[in-house]
Amino acid sequence: MSVTDFLAGKRQIPSITWFVHLLGLKNFETMPAELYGNWLIFITLLIDSLHPSPQDNLKYDSVFIRAVLPRTSATMLQTLHDFDLQYQPNMLWPVGLFHAYETVQFEPLAVADKIALLQQFHPISPALQLWQQLQFMLLGAGNADINTFTRLFRELPFLQQNMVYSQLMRSSFVGKAIGLDLAPFYRLTIESFCRENAERCTVQPLQGNGNEEFAVFITNQFVSSMHGPTLTVLNYASALKQIGMHPIVICTTSVAKSTHLVYPMPTPIFFGTVRNEYFSSNTLFDLDQGQQQPNPAGSAVQCWGQQFDFMQTTPMDDPAHLVDLVNFINQLNPRFIIGVGGLNPVLEFIAKARPVLSVPCVTSLVLPIYAVPVLHRELTPADQQRIDSLGIQHPVLSSRLPFRLRQFDAVKSSRVDDKVLKFVVVGYRLEDEIRGEFMQTMLAIKQHYPLATFILVGPSAIADYPPVLQQCSYLTGRISNAIDLIATCHFMLNPKRQGGGTSAVEALSLGIPVLTQAYGDVYQYIGDPFVFETDEQRLAFIQQYLTDPEFAAAYQDICLETAAQATDTAAIVQELLLTYDAYLQQLQYENGSELMA
């Protein structure tokens, strides 16, 4: 179907393929996962919105064409005003159409042009006022009105508050400075969820010492054996199983979802991963083999040859699921409820009434409102000041984030006398994390070592990637055998980011040095011996490692020792559990037989 036919009112609803062709998307099926996902969501929403009544056909068609066909900068402001008029109460909001406009027209603009356009735009609808303020913050412009943004955020329903908060957290996670303290907005989001559900169900306080046989683990995402947080929750569960407890893993899918996209959000929109197959009952999900099979005894996951009782539910979206979860907690009365992963509204709802331990998968200071926080390093004076300013009611328990390496047969095959030097970078967010400063480091290495090659595990493409690096880089896309590629390399490079700890520990376990800055999770996990703040320091280390055998041998020992300490799960988890249990006893002594968190 041609554009002319579409405008002429021929009523065949366009397919995804038709839109891909119209938008000129190259290599659509092989795009990086997140980029592909955002385009697919946009096109799907667009198709969903193009089912008007006959008398509305021309209106929808013309809006669509204005949204996606090339426009001059002189008309973009008028297009924004047109959308602003449509985002009024009691109207059908053009969610997909606006996302089309932003993706195709607004997003490609230079930052200065975006800011100039936003400064000229004076929206009247709350939806586009919110979008404008979010854009100002994400662009680093000084035009954001925090009071206006706070007012708009406060007026949102819970799911929209969670969506906005998730986008801001995502931007912060990949290193974008937004110049905004997110703690007040997290509190507003949690209080909104608790208020909405207070009359639906009541979480009972911990009765007596509680049921010490079972431990309930609650996580907001459960993906696969390639997903670090998924392995982390199972690693904690495995440690408790080893000391005779019965762990139960519950995924509450408390993440931003495409079905929550109502208000316009700046692109690229982040949605958490929800694997629908995990909703199946009486199924064994074998993460070791990547298979599933019937399991009459109930749903369970298998990892490292161990089985764990498991269920996935949607209590944030479906009040009935929340009621079922609360009833389960009340009946089981477990002494230990442990949240693992990102901050979770469902976990906070439970923690408001009874003690819950909150274990993050990062080393930054993550402070829940009601749950007992864990920090995977020692508190600093700045941390304590932050804790005092927020009035956190529980002490922060210091621990270390344990790793359990995936089973592999790979051994280090690189040698210092290889003609070609291989540098590996691993991560499923490298599209966002490989930016100007890190590219300059790669260019410096390439200039000093002309035969250097770079293996980028995770992405299929990198925006603005220099041609000289493209010629010597291998972008793998998402793969399951990253460790095999890591083993062939001489060094691992770590961008300035949060996350990335699992692959760094895997590299160290092979005796491969990791070069990082004193920032983020990788630094906290592997420490000062692997910190290099300048390209000169990195190049000097690489040169000495390649030319001084004693130096290289000593560093290989440091690699192996650091990996061994990071993977001593039993000692790390048991120490944390003893510390937490002592705190529960203190609460019990202070509050009597019923513990109030």
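The model is predicted, so local features need pLDDT of at least 70 and side-chain atom pairs count only at pLDDT 80 or more, while totals for chains, interfaces and linings use all residues. Residues are numbered from 1 along each chain as its sequence is written, and side-chain values use heavy atoms, with hydrogens and water left out. The chain holds 24 helices and 17 strands, where helices (H or I, at least four residues) and strands (E, at least two) are DSSP runs numbered from the N terminus.

**Chain as a whole**

- Of the 597 residues in the chain, 54% are buried, a term that stands for under 20% relative accessible area, with exposed being over 50% and partly exposed in between (1.4 Å probe, protein chains only).
- Among contacts (heavy atoms within 4.5 Å) with a separation of 6 or more, 65% are between residues 24 or more positions apart.

- β2 runs parallel to β3 through six bridges, and I218 has I250 of β3 as its bridge partner.
- β2 also runs parallel to β8, through five bridges, with A215 partnered by F336 in β8.
- β8 and β9 are joined in parallel by three bridges, and G339 stands opposite S358 of β9.
- β3 and β7 pair in the parallel sense over four bridges, and C251 stands opposite Q312 in β7.
- Strand β6 (residues 300–303) pairs with β7 in the antiparallel sense, over four bridges, and V301 stands opposite F308 in β7.
- β6 and β7 form a hairpin with two residues between them, and W304 in the turn has a positive phi of about 60°.

- In β7, Q306, F308, F310 and Q312 form the covered face, whereas Q307, D309 and M311 form the uncovered one.

- The largest cavity has a volume of about 50 Å³, volume being the space filled by probe spheres set on the points.
- β2 (211–219), β8 (334–340) and β9 (357–359) each give two or more residues to the lining of the largest cavity, and this lining includes I218, T219, G339, V340, S358 and V359.
- The lining divides into four nonpolar, seven polar and no charged residues, with Ala, Val, Leu, Ile, Met, Phe, Trp, Tyr, Cys and Pro counted as nonpolar, Asp, Glu, Lys and Arg as charged, and the others, Gly among them, as polar.

**Residue A127**

- A127 lies in helix α8 (residues 126–138) and counts as buried because its relative accessibility is 1%.
- Leaving aside neighbours within four places in sequence, A127 is in contact with Y87, W93, Y263 and P264.
- A127 and P89 are 38 residues apart in sequence and 9.9 Å apart in space, C-alpha to C-alpha.

How values were computed: 1 Å grid on protein atoms, 1.4 Å probe; cavity = no way out; pocket = protein on both sides within 12 Å on 5 of 7 lines; lining within 4 Å. Pairing = 2+ DSSP bridges.
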